[in-house]
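Visitor: Could you walk me through how the parts of this model pack together? I'd like to go piece by piece.

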Amino acid sequence: MTLDTLLETDAVVLGIHRATLEELVQVARHRRPVAVDEAALARMKPSEDWLKGVMDDMKAGKDTAPIYSINTGFGSLAGRRAFDEPSDAAELSRRLVLSNAAGVGRYVDEEVVRATMFIRIVSLTQGYSGVRADIVKTLAEMLNRGVYPAIPEYGSLGASGDLIPLAHVAIVMSRSHTGEDVELDSGEAFVDGAVVSGFAAMAHAGIERLPLGAKDGLALLNGTSFSCAQAALALYDAQNLLETAQITAAMSIEALMGFGDAFIDELHQARGQRGQIEVAARLRELLSGSGFVDGDADHDPVRQPPQDAYSLRCIPQVFGPVKDTLEFAAGIIDNEINAATDNPLIFPTLPASRTLKAVSGGNFHAEYVAFAADFISIVVTEIGNITERRLFRLDDGTLNRGLPDMLVASEQIGMDCGYMLPQYLAAALVSDCKTLAHPDSVDSIPTCANQEDHVSMANNAGRHTRQIVANIESVVAIELLMAAQALELRMRMPAPAGAEQGTKPGAASLAALAYLRSTASADGRPIDHLTEDVVMYPRLRKAGELVHDGSVVAAVNAAIRGGGHDAADR
């Protein structure tokens, strides 16, 4: 299938409607192509025309006042007209890109780069940036032809825009307006897994590098796209993680013969918190048909007192606010994906009494993104906190209601460690998150001769939240493995009081268990029931993949709701 055919049939078309998080993930993670609608290009034209008029006046020798980023310096140099010669406007853009490509650290993942470029296209096509259509068309071509600029992880303060990371994109796609194309000044990009020059990457993809014009440099660099990309991907994974964590929590509740009273609807309606009510309802769905849960709205509990430890009993009260907070963050990120965030923005429709249509403001300040990322970090860490406590309880023979120590029924007690070390791993990961979850948004270091005296640190917040989500995906993966082991052990034991022989878990837990056992580990061997010690890391890696890709949620939903599943099941 040719690229043109692919674009016609499968592309995410930008400019017709608000871009969505799902579309961003499809483009960033699954390399779905993009197309820019003609209506979006038309929306860009008025601001481009106004800017062209300013440049035409300069070329005609008309006196032109300083206009930030067009004929002035940047930052604390904003009030100084940098030149009188119109052609220098293009040179100003080029030098800005060169000077700002100053990042260090490891290169970020391809999906972060692609998400960044996706958001930048959406931002520029809002029509307030004054850039020409070729700029966004080139970014779209880079996405569609697999040009993956190498962006170092460190450099952005999350204010004045993500200048340094975005410069590492702009330097790959742009060249000098003089026609000189210096390969050493073309940045870096990946081709077939190897880092090459931007010059080589664009040539390999058959894309012409563009000369920049007036304001193009700052329009490409000044915005929240990089920080927002990290927060958006973290949010998407956090939402899936919460869905998976409810499934593994239900499996642990069954394995530990928990009480159903904690999930009765009336209890949660009495508090009135939406997320808590929804999580309790989901847990009732997941626990439906279980022979191991004691008591529900229609039946008295048999054992006394009918109270579990908080890591079981209070799941709705913990996961509920997690759910509500993620929804709040989703609203912020949805807006930011579709926002114009560079500076100045051009509004040709301002009254005729105002000749300066370029308006300087602070839409580049990423406090919204920083808060959203920090909130995601905090609540995902709490998913890990409460989950790790259940892992500890599953391993402890004095707390797990009759299961063997470390969840291994060894012929010689003490010969096997069983699931001892996965709980260690979970403890280490959760502890790491407790440090990473310190809010980055409360920090600020003044820069640029104190002109930029308050910054958001949204990039740091985004980096940290992605690491936190990855950490807790591993913790939930450990619960998937341990709860599956514990359920199988429980099914081999005498039925609990009040239950019939042959008692089994509910359909949801059985589906998750069956899906796990039908999946090969990372080394190709089965993820089978543990009867003696085996090497654990291949199982842990594969379980982590099952959590990350949403397949556990899809398998369970298909089993308990009947039929297929779609993206909403994630």
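Guide: Helix α14 passes α15 in a left-handed crossing, where left-handed means that the near helix is turned anticlockwise from the far one by less than a right angle, and right-handed that it is turned clockwise. Helices here (H or I, at least four residues) and strands (E, at least two) are DSSP runs, numbered from the N terminus. This is a predicted model in which local features need pLDDT of at least 70 and side-chain atom pairs count only at pLDDT 80 or more, while totals for chains, interfaces and linings use all residues. Residues are numbered from 1 along each chain as its sequence is written, and side-chain values use heavy atoms, with hydrogens and water left out.

Visitor: At what angle do the axes of α14 and α15 cross?

Guide: The axes of α14 (residues 315–337) and α15 (residues 367–395) cross at roughly 155° and come within 9 Å; axes are lines fitted to C-alpha atoms, for helices over the stretch in contact, and angles run from 0 to 180 degrees between N-to-C directions. That makes α14 roughly antiparallel to α15, given that angles under 35 degrees count as roughly parallel, over 145 as roughly antiparallel, 65 to 115 as roughly perpendicular and the rest as oblique.

Visitor: Which residues of α14 and α15 make the contact?

Guide: With contact meaning heavy atoms within 4.5 Å, those on α14 include V318, F328 and I332, and those on α15 include F375, V379 and R390. The residues of this contact divide into 17 nonpolar, two polar and three charged, where Ala, Val, Leu, Ile, Met, Phe, Trp, Tyr, Cys and Pro count as nonpolar, Asp, Glu, Lys and Arg as charged, and the others, Gly among them, as polar.

Visitor: And how does α10 run relative to α14?

Guide: The axes of α10 (residues 225–255) and α14 come within 10 Å and cross at roughly 160°, and the two helices are therefore roughly antiparallel to each other. α10 passes α14 in a left-handed crossing. Among the residues that meet are L235, L242 and I253 in α10 and K323, A330 and I337 in α14.

Visitor: Switching to strands, what is the order in the sheet?

Guide: Three strands form an open sheet in the order β4-β7-β8, with antiparallel pairing, and the edge strands are β4 and β8, each of which pairs on one side only. Two strands pair if DSSP finds at least two bridges between them: two bridges join β4 (residues 148–149) to β7 (residues 188–191), with P149 opposite A189, while β7 and β8 (residues 194–197) pair over four bridges, with S197 in β8 as the bridge partner of E188.

Visitor: What lies across β7 and β8?

Guide: Helix α8 (residues 198–205) does, running at about 100° to β8. In the hairpin of β7 and β8, which has two residues between the strands, D192 takes a positive phi near 55°.

Visitor: Which peptide bonds are cis?

Guide: One of them joins Q304 and P305, with omega about -10°, and P305 sits in the loop between α12 (274–287) and α13 (310–313). Another runs from N343 to P344, with omega near -5°, and P344 sits in the loop between α14 and β10 (345–346).

Visitor: Where does pLDDT stay under 50?

Guide: It stays under 50 over residues 563–570, pLDDT being the predictor's confidence in each residue, from 0 to 100. Where pLDDT is low, the predicted coordinates should not be read in detail. The mean pLDDT of the protein is 93, and 95% of its residues reach 70 or more.
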